[in-house]
Amino acid sequence: MSGTLYLVATPIGNLEDLSFRALRVLKEVDLVAAEDTRHSRKLFNHYGIGTALTSYYEHNEAVKGERLLEKLRQGQSVALISDAGMPAIADPGFFLVRRCRDEGIAVTAVPGPSAAVTALAISGLPVDRFVFEGFLPAKTKARREALSQLRHEPRTAAFYEAPHRLLATLRDLGQELGDKREIAVARELTKLHEELFRGTAEQALEHFGASRVRGEIVVMISPAEQEGPSESLREVLQRRLAEGDLPMRKIAKEVAKEFGLPGSDVYRICLELQTNGEDE
Ligand code: SAM
């Protein structure tokens, strides 16, 4: 029987955010694959975890992944951790999870902190729906292009950003999306200097431009205001019906053409509006 691959979430700053189950699994597995073994050693020392550590990072993902798969096939259990947060989320993991799934090797998660979800939860922006963009491109032209694609995004968008790029990204954000969108910047979550800024891109630039930006950052952008085509359609119809200079069928036909909608649908809305008007 093959072993199990555990994706174990580790703290994003505060060492106390390691779950009891994460601790037990990290102690019990045969091997822990870590993004940076020196970084993870600190966590291991803090919690007295003695399990063997091996490196597994972006550039050795395919080669090292094959070796880990071999161990799993032989029945060993392997935990995958990253430097912080949930493995496979803007971190190595996808390759191994995919291969395990394809081969029928058990994959399970020990969930825990993830910076994007943590930031969204405390942002004060609408989070009933959101999109996660990972890291935006580092080059200006590509970054602007990525931001411009969020112009009509109806969900809150979140992405990771490096501190030395924050000001440039905020400038691009203001230029591509204007100053109507509310944004939030979460910095150093769960750490001593945790900060959550909320305002426009311009206000954020003023705030973060005042001194050198340090630490780890999640940027969030509120949803674009929806144009609400059915509402403006109703408004036009209400106005045209109130003018009373043409029969309803004619109005429906003309407005349907204007909005590129079937005449019968628009006529039905006219009837609804008339009935509602009579009821009031
Ligand atoms: N897998 C991780 C997760 O689940 O959050 C994300 C890994 S990604 C390589 C690292 C990025 O996450 C950082 O550059 C930063 O943008 C964000 N991040 C990680 N820890 C953070 C924290 N404490 N506060 C704010 N952002 C953080």
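1. In this predicted model, the side chains of R73 and E103 come together in a salt bridge, with an N to O distance of 2.8 Å. The pair connects distant parts of the chain, since R73 belongs to helix α3 whereas E103 belongs to helix α4 (residues 94-103), and the two are 30 residues apart. Both partners are partly exposed, R73 having a relative accessible area of 33% and E103 a relative accessibility of 35%.

2. R73 also meets the side chain of E70 in a salt bridge, here at 2.6 Å from N to O.

3. Another salt bridge pairs E182 with R198, whose closest N and O atoms lie 2.8 Å apart. Because E182 is placed in the loop between α7 (166-177) and β8 (183-187) while R198 is in strand β9 (residues 195-199), this pair ties together parts that are 16 residues apart in sequence. E182 is partly exposed at 30% relative accessibility, and R198 is partly exposed as well, with a relative accessible area of 43%.

4. As for the overall tally, a side-chain nitrogen of Lys or Arg within 4 Å of a carboxyl oxygen of Asp or Glu is the criterion, and by this rule the count comes to 21 salt bridges.

Terms used: Residues numbered from 1 in each chain as written. Predicted model: local features only at pLDDT ≥ 70, side-chain atom pairs only at ≥ 80, totals over all residues. Heavy atoms only, no water. Buried < 20%, exposed > 50% of the residue type's maximum accessible area, 1.4 Å probe, protein only. Helix = DSSP H or I, 4+ residues; strand = E, 2+ residues; numbered from the N terminus.
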